[in-house]
Number of protein chains: 2
Amino acid sequence: MSNKPQLHTIISPRLLDIYDVSNSIVVIIDVFRATSTIATALYNGAAKVIPVDAVDKCITIGNATPNSITAGERDGKVIEGLQYGNSPAEYPRSFVEGKTLVLTTTNGTKLLHMALQKGASNIVTGSFPNLDAVCNYLIKQNKNVFLGCSAWKDRFNLEDTLFAGAVINRVKQHFTIHCDASLMAEEMYLQHRGDMKAFIRKTTHWHRLAQYGLEKDLEYCVTENVANILPLYKEGSLVIGYNE
Amino acid sequence: MSNKPQLHTIISPRLLDIYDVSNSIVVIIDVFRATSTIATALYNGAAKVIPVDAVDKCITIGNATPNSITAGERDGKVIEGLQYGNSPAEYPRSFVEGKTLVLTTTNGTKLLHMALQKGASNIVTGSFPNLDAVCNYLIKQNKNVFLGCSAWKDRFNLEDTLFAGAVINRVKQHFTIHCDASLMAEEMYLQHRGDMKAFIRKTTHWHRLAQYGLEKDLEYCVTENVANILPLYKEGSLVIGYNE
């Protein structure tokens, strides 16, 4: 038997507690759009991103944190009481540099806090804009890995699965993988890596968000390595990790 | 908007209660091997199949039912106290005709009872041996459909997903489908319908069962329309349904 670490893909937060994630790395994946926005804000110089799971907490932490901005959306609009939305395009360097982004989202933030509670030892976030940074980190750590898809209200979604497949395609020789979800994810990625921007137009999430004029946003979210840093969870915040 | 009924694919029993299955058809899918065995036993003349969710219940019902046989496996062996296993090859016409099969399985039976509790109005079982019978039924009923994958201990599995994809490929023009899991399932089926017997060797379930010498069984389970009847759940039993 191989003594490589194991890798699994978890296609809905509801399936997280089937697995023992203690002492393991969990990659939080929420391609449309939380983990794309997190990578972009940090890449553009944000001091840190504080992911919170409720709007009132977002406001409280925002008020208590100097040079911070609060952000979160529901149905394509900024949530009442918050200042900004969940679009990576809202966070260019000229705006976000040096600031702390306090962010609340429905699916990704929930999964992150679930993984924390279940005892994951390392939590990072990933999306296509920081694909290689995530892969390099996973290869160096030599630990078991769970690719956690945030899904949409616990329903399977394609965009998170495609990102899991992209990671698997790049790291698989370093891991033992006995997991049908991982096999499926890599196949779907190989099938669509050449037509990603066309294929995502078939997904349910595209249809949900495109009505708000977010097409450019969604295309950005599946563009590889345009914000190629590693968001690493440390003491309540996501900061750039340097593969230490 | 179209007024066609909706179709969704549920890739793990844990995701069942996200959906409202009341007044809908649920197709129970457990390709390796419960729903392949059910189709085969009924096709070969079994009077009915009684699916039960516990071994002691299996024995009790078996004792109380004339001309019945009890069946169930764990780890490739007949469960102690029961008479037969969960292989379609055990149920040729010469043996099973006229008999009642009382069957307990881990994944498929559990999902069937969950769907009952959640108020599904029509429950049928499907696998490749009865693919067309299932599709014909779904097209005629004009009701919402949920393709329920039994999975393996709640983990996503490929063989059930491939069957869901085969169904979708045949019935999709009769339904409204906004469901990423269905889109994925059909793509995986289209990708592998030409090499199904080779592809299933990559699945985790193959590796689990092949060690017990069940390769021929598993190949049979992905063979289309070799036991092409419709198992329909009625008053506690699965019997042949005639698209009434």
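In this predicted model, helix α1 of chain A (residues 34–43) is largely enclosed by the rest of the structure, because ten of its ten residues are buried; a residue is buried if 20 or more other C-beta atoms, placed from the backbone, lie within 10 Å of its own. The buried residues of α1(A) include A:Ala34, A:Ile38, A:Leu42 and A:Tyr43. After α1(A) comes A:Gly45, with a positive phi near 100°. Helices are DSSP runs of H or I with at least four residues, and strands are runs of E with at least two, numbered from the N terminus.

Residues are numbered from 1 along each chain as its sequence is written, and chains are lettered from A, and ligands numbered from 1, in the order in which they are written. As the model is predicted, local features need pLDDT of at least 70 and side-chain atom pairs count only at pLDDT 80 or more, while totals for chains, interfaces and linings use all residues.

In chain B, B:Glu73 lies in strand β5 (residues 73–74) and is buried, with 23 other C-beta atoms within 10 Å. Leaving aside residues up to four places away in sequence, B:Glu73 touches B:Val78, B:Ile79, B:Gly85 and B:Asn86, contact being defined by C-beta atoms, placed from the backbone, within 7 Å. B:Phe32 is 41 residues from B:Glu73 in sequence and 12 Å away in space, C-alpha to C-alpha.

The contact between the chains takes 23 residues from chain A and 24 residues from chain B. On the side of chain A that touches chain B, two or more residues are given by α7 (180–192) and α9 (204–210). The largest share, seven residues, comes from α7(A).

Notes: Two residues are in contact if their C-beta atoms, placed from the backbone, lie within 7 Å. A residue is buried if 20 or more other C-beta atoms lie within 10 Å of its own, exposed if 12 or fewer, and partly exposed in between; C-beta atoms are placed from the backbone.
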